[in-house]
Structure formats: C-alpha cells, structure tokens
Amino acid sequence: MRILAIGPRAYLGDVYLSLRREGHEVRVHAEDPPERRAFGGIIETVPDWRAELDWVGRDGIIFFERIGRGAVQEELRAQGYRVVGGSTFGDRLEAEREFGQTVLQEAGLAIAESHSFAHPSLALEWLARHPGRYVLKHDDTARTTFVGDHPEGADLAFMLRRAGEGRVLLMERLDGVEVGVGAYFDGTKFLRPACIDFEHKRFFTGEMGEMTGEMGTLAAYDDSEKLFAATLDRMAPHFAEAGHVGYVNLNLIVNERGVWPLEFTCRFGNPGFAVLAALQPDGWGDLMARMAAGGTDRFTTRPGWSVAIVLTVPPFPAHTESSAPDEDPPIFFLRQPEGPELDRYHLVDVRMEDGQLLGHRRSGHLMIVTGTGATVEEAQEDARTRARNVVAPELRWRADIGDRFLRGERERLRALGWLPG
C-alpha cells in the first residue's frame with residue numbers, strides 16, 4: 001500500500017518506520033525547515049505533498065498526523081482520496097475547549113462546571129471573585145494544562161498572569177480516577193474494541209512536579225466496553241455526520257458522583273500511538289486501511305496490558321529552538337534491538353549522523369519504550385527492562401507508570417462497576 005504522510009515535523013516518524021517494516025511504501029512531507037526536522041538522516045521527506053497525489057492515488061492512504069487540517073482532509077475526501085486523520089469537527093473539539101464541553105452536554109453527558117474567557121486577564125478577574133481550585137486549559141493545544149492545588153487559587157492566579165494571549169478555560173477540579181477511553185473511527189462508526197488508558201503527566205515519580213505532555217501510559221483493550229458505551233460511543237452520530245476518519249480519545253474523571261468528560265484528543269497522540277501499537281498485532285497499515293475503507297466492525301488486538309515509558313533528557317519538559325547540533329546527546333543501546341524488538345522502541349525527536357543516533361537537545365524527547373503482559377506488573381517490568389537498555393547522557397524516565405492503578409484506581413473503578421471484579 002502507498003501512504004503519504006503529512007505533518008508539521010514528522011511528528012510520528014516512528015509510525016512511518018513501522019509502516020515500512022510492514023512492507024508499505026511511505027512518503028513523508030514535513031512543514032518545518034529541514035534543519036529543525038525530526039528523523040533527519042533516517043526519513044527522507046518530500047517538499048510538496050500535493051505533488052505526490054498522483055503517486056499515492058485513490059487506492060493509497062493520505063495520513064494527516066495533527067489537528068488543524070480538517071478542511072483540507074475533507075476537500076481531499078470529496079475528490080475521492082482515502083484520508084486518515086480527522087475532520088474540521090474533530091479539530092474544533094480538541095482546539096476549542098468551550099465547544100467541546102457544549103457538544104458533550106448536548107450528547108447527554110454530565111460536564112464539570114467550567115468558565116471560558118477570551119483572555120487570561122478576564123479569568124484572573126473572575127478568579128478573584130470566585131476563589132477555589134480549578135484546572136486551567138488553553139485553546140492553544142501547544143500550551144500545557146495547569147492543575148491548581150491552592151484552595152483559594154493563588155497558584156492558578158500566578159499561572160494566569162504569565163499565560164500570555166489567547167482564550168482560556170477554567171474548569172472545576174474534580175477528584176477521582178482519571179482515565180481515557182479511545183477508539184478508531186471509520187467515517188460512520190467506531191471500530192471495536194475501544195481502549196482504556198491511564199496517563200501519567202507529572203514529570204516526577206509519585207505524581208510530583210510540573211505537568212508535561214506525558215511521561216507514560218498504561219493501556220488495555222480488555223474491559224473497555226462499559227465505559228466506552230457510556231461515554232465516547234454516544235458521540236458516534238456527531239463524528240459520522242462530520243465524516244471523521246481517525247483516532248478519538250476522551251479523557252474522563254470517574255468518581256462516586258458519575259463520569260465527567262474533560263477533553264478530546266482527535267489525532268494519534270504521543271505516547272498514545274506507542275502504547276496501543278504494542279497491542280495491535282496486525283500493524284498500522286491494517287488499521288489505516290480499515291479506517292479509510294470502512295465496512296468492518298472489529299480489528300485484532302492482544303489481551304492484557306501495555307505500558308509506555310517516555311525517555312527524556314534536559315531541557316524536557318521545556319523546549320527551545322536555539323540549541324546547537326553539537327549539543328545533541330548520543331543515544332546507545334546495551335543490546336541493539338532487531339527484528340520484532342524494533343517495534344518496542346519508538347523514536348520521537350531524533351536524528352542520525354555518521355551512523356550515530358542523536359537526540360535533539362531542543363526538546364529532549366528521545367523515545368518511548370513499551371512493554372506488555374497478562375498483568376499490569378508484567379507489562380511494567382517488560383517496559384522497564386527496555387528502558388534500562390537505553391543509555392544517553394542525563395537520561396530520565398519514570399519507573400512508576402501503572403503504580404497508581406495498582407495502588408487504588410483499579411479497586412475504585414471496580415467498586416463503581418466500571419471494571420469487572
């Protein structure tokens with residue numbers, strides 16, 4: 001199969017490497033300047049993706065890796081191309097926080113109390129009149145969510161004063177189990193099974209430190225149906241009306257009061273793509289073809305659990321574009337992965353120079369390693385073994401991905417009836 005991939009910076013370059021190992025032809029277009037591009041020396045890119053349309057044809061797949069290009073995707077679908085990525089509706093759900101909450105409420109789901117503001121200064125004024133603990137979210141998805149801890153919002157006020165421009169949302173902070181439910185949509189319906197996932201966004205072990213994009217994830221396809229049917233599946237008519245084709249994830253808080261949807265991810269996330277890849281034996285080509293063609297209800301998954309661990313170096317979770325190439329740290333493996341083992345080491349922001357794998361110092365986001373097992377504990381140790389196989393100067397990673405689930409979240413979800421006993 002021919003696949004034309006389009007994104008800001010080959011963000012999902014590891015997926016493209018996997019597709020090639022599966023035997024597919026892949027061409028990649030990245031929008032950033034070549035000197036800033038991830039996977040330099042590993043993946044060659046094409047300068048103009050529209051010039052590749054005749055090559056990919058209407059039997060191949062055009063894959064958009066990020067949100068914000070829904071209108072272009074819909075234009076291509078109208079011309080008969082098979083496109084996987086999303087839709088304008090999916091773009092709005094993820095990028096416009098207030099819109100996402102409104103659609104969820106219209107679908108009959110309970111939502112947390114939230115207040116949208118055109119500028120952080122207006123949110124700051126409102127907070128002074130309504131002190132409390134809130135979660136700060138930005139319509140700019142590149143900005144990190146902030147979870148306030150101070151009972152009167154003093155820490156949140158500080159973050160609002162330095163938030164810059166743009167619309168923000170203050171959401172009631174809910175206590176409970178944070179869990180995501182996700183599934184692939186083929187333009188008319190969600191493919192089964194859905195997955196459940198438990199993200200770990202704090203920088204340090206023990207849920208300490210700043211919020212990051214994500215430090216690791218625990219996921220499974222087993223036992224997801226009840227939560228999926230009660231939440232994300234109720235959005236299927238909206239995605240069908242939009243002609244959405246791609247992955248959708250809905251983040252939730254589950255507690256004794258009910259299930260509270262927080263936000264959508266309408267794209268292949270990172271490390272979400274990696275933690276699921278370990279449970280999808282037929283590969284990305286099979287899944288993309290099923291989404292693009294429609295007509296099938298299910299795809300093959302592995303039983304058990306998957307754990308993904310994000311491996312980083314400084315300045316992560318900060319990011320800079322000013323780092324010099326000679327600052328990029330080398331990456332080594334104690335045992336060089338080969339064959340099927342390559343599919344458990346997912347490169348992120350790296351390049352190759354003179355046969356040496358290097359991580360871009362600008363982000364410090366080197367790779368994701370995954371492990372699987374019949375139990376959470378087995379999956380954890382499988383992932384940790386691979387993390388210990390990687391050597392890089394100043395390497396950091398969380399060794400506790402999945403511990404939160406084992407130490408209380410699983411039992412709480414069982415007691416509430418969302419997981420079997």
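I began with the aromatic cluster: ring pairs join Tyr16, Phe63, Tyr184, Tyr221, Tyr247, Phe268, Trp284 and Phe299. The model is predicted, so I kept to its limits: local features need pLDDT of at least 70, side-chain atom pairs count only at pLDDT 80 or more, and totals for chains, interfaces and linings use all residues. Residues are numbered from 1 along each chain as its sequence is written, and side-chain values use heavy atoms, with hydrogens and water left out.

I paired rings of Phe, Tyr and Trp (its six-membered ring) if their centres lie within 6.5 Å; planes under 30 degrees apart are stacked, over 60 edge-to-face, and the rest tilted. The count by this rule is 23 aromatic pairs.

I looked up Phe190 and Phe228 next. Their ring centres are 5.5 Å apart and the planes stand at 85°, so this pair is edge-to-face. Phe190 sits in the loop between strand E9 (177-186) and strand E10 (195-204), and Phe228 in helix H8 (residues 225-230), so the pair ties together parts 38 residues apart in sequence. Helices (H or I, at least four residues) and strands (E, at least two) are DSSP runs, numbered from the N terminus. Phe190 is buried, with a relative accessible area of 4%; Phe228 is buried at 0%. Buried means under 20% relative accessible area (1.4 Å probe, protein chains only).

From the cluster I took Tyr247 and Phe268. With centres 6.4 Å apart and planes at 65°, the pair is edge-to-face. Tyr247 is in strand E12 (residues 245-255) and Phe268 in the loop between strand E13 (258-265) and helix H10 (272-277), 21 residues apart. Both Tyr247 and Phe268 are buried.

Key: Buried < 20%, exposed > 50% of the residue type's maximum accessible area, 1.4 Å probe, protein only.
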